[in-house]
Amino acid sequence: MSIVLTSFFVFMAVVLILTLLYWVWSNFFDSRTKAKKERLHAIHAAVHASDPGIGSTRFPLAENELETWLRAHSRTFVELENLIKRAHIRLTAGRVIGLMLLLFAVAMVFGLLHQVNLWLLFALAVALANLPVLWLSQKASKRGKAFGEKLPEALDYISRALRASHSLNSAIAMVGKEFPDPIGTEFKMISDKISFGISFKDAIRELADGIKSRDLNFFVVSILIQHETGGNLTELLDGLAKTMRARIKLRGKIRTLSSEGRASAWILGSLPFVLAGILMLANPGYISILWTTSQGQNLMVIGCVLLFVGLVVLNRLVKIKV
């Protein structure tokens, strides 16, 4: 049975490597792809020269037929593109998937050459392949948090601009010019979209889709309702800003109170790896039994699963939604 599984994984690794080689050739060496990219870059450069706010990282330049097909048939691919947009990274979803497949194939080939347990190898390869997604998620979360912290200040700025007899569109454009990234970048994109003829409702909804923030959702819903029914927008924005500041203050208190649980998660999660490193330095032959014998490899699999479950439980205990 192990010979069959080994042959299957070797075959899949070879197929992945060949697929990646074809993808690299078609994206970087094919003459038609080169010509297409040159045209896209020329258009992007011309548009960017006329208005630097257009052609940002929210709109990827590289695109091929496979990405177009995946976008139409795969919801996971669309979610990955949205994650890249929220992270504000100059990458396409196709390149991220290619990087994930490359990491998976390299881990599988390396493990098969060293005769690592197949199930343990597969789990490690999957974990390694998901590192780009985890990195993107961290970048998107960090950017969304920075956006949420500055949003009350931006609402106060819009409220003062409205009191000074500016229109809402003009106030949003002023926020885009005066505030740094990510607030300034996102609000400038709203202003640009409205200038190009996109309706205010669609532009403001795309802002909510681009930044995953509960406070931002409150702002978008309030603006849309006020846009339909009317009312005093300055009082609405002042109330929203006050509520958001109270929520930020409460989140800070909760983070302080839950710091002990988060520290416990870091210590307990890193302790097995630290202990393994110490034992490898002190007595390599003693700990090598873990990956040179089938019993040790089974224990490693069970330990990794239990460690993952424990970290998930601790994260759920210290993560309180406000």
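Predicted model: local features only at pLDDT ≥ 70, side-chain atom pairs only at ≥ 80, totals over all residues.
Local features here need pLDDT of at least 70 and side-chain atom pairs count only at pLDDT 80 or more, while totals for chains, interfaces and linings use all residues. Residues are numbered from 1 along each chain as its sequence is written, and side-chain values use heavy atoms, with hydrogens and water left out.

The structure holds four aromatic pairs, where rings of Phe, Tyr and Trp (its six-membered ring) pair if their centres lie within 6.5 Å, and planes under 30 degrees apart count as stacked, over 60 as edge-to-face and the rest as tilted. One of these pairs is Phe147 with Phe187, stacked at 6.3 Å centre to centre with 10° between the planes. Phe147 sits in helix α7 (residues 131-163) and Phe187 in helix α9 (residues 183-195), so this pair links distant parts of the chain, 40 residues apart. Helices are DSSP runs (H or I, at least four residues), as are strands (E, at least two), and they are numbered from the N terminus. Phe187 also pairs with Phe219, this time tilted, with 6.3 Å centre to centre and 45° between the planes. Together, Phe147, Phe187 and Phe219 form one aromatic cluster. Phe147 and Phe187 are both buried, a label that means under 20% relative accessible area, with exposed over 50% and partly exposed in between (1.4 Å probe, protein chains only). Phe187 has a relative accessible area of 0%, and Phe219 counts as buried at 2%.

Next come the charged side chains. The count comes to 12 salt bridges, each being a side-chain nitrogen of Lys or Arg within 4 Å of a carboxyl oxygen of Asp or Glu. In one of them, Arg163 meets Asp238 at 2.4 Å, N to O. Arg163 lies in helix α7 and Asp238 in helix α12 (residues 233-257), so parts 75 residues apart in sequence are tied together. Arg163 is exposed at 52%, whereas Asp238 is partly exposed at 27%. Glu228 and Lys201 form another salt bridge, their closest N and O atoms 2.0 Å apart. Arg247 counts as buried at 13% relative accessibility, and Asp215 is buried at 2%. Elsewhere, Arg143, Asp181 and Glu186 are linked in a network of salt bridges.

Patches are made of residues with over 30% relative accessible area and no salt bridge, like charges being joined within 9 Å and nonpolar side chains (Val, Leu, Ile, Met, Phe, Trp, Tyr) within 5 Å. A nonpolar patch includes Val305, Phe308 and Leu317 and has about 560 Å² of accessible area together. Phe308 is in helix α16 and is exposed at 57%. A patch of positive charge gathers Arg214, Arg316, Lys319 and Lys321. Lys321 is found in the segment after α16 (294-318), and its relative accessible area of 69% makes Lys321 exposed.

Notes:
Areas by Shrake-Rupley, 256 points an atom, 1.4 Å probe, with all protein chains shown as cover. Lys, Arg positive; Asp, Glu negative; His and termini not counted. Charge placed at Lys NZ, Arg CZ, Asp CG, Glu CD.
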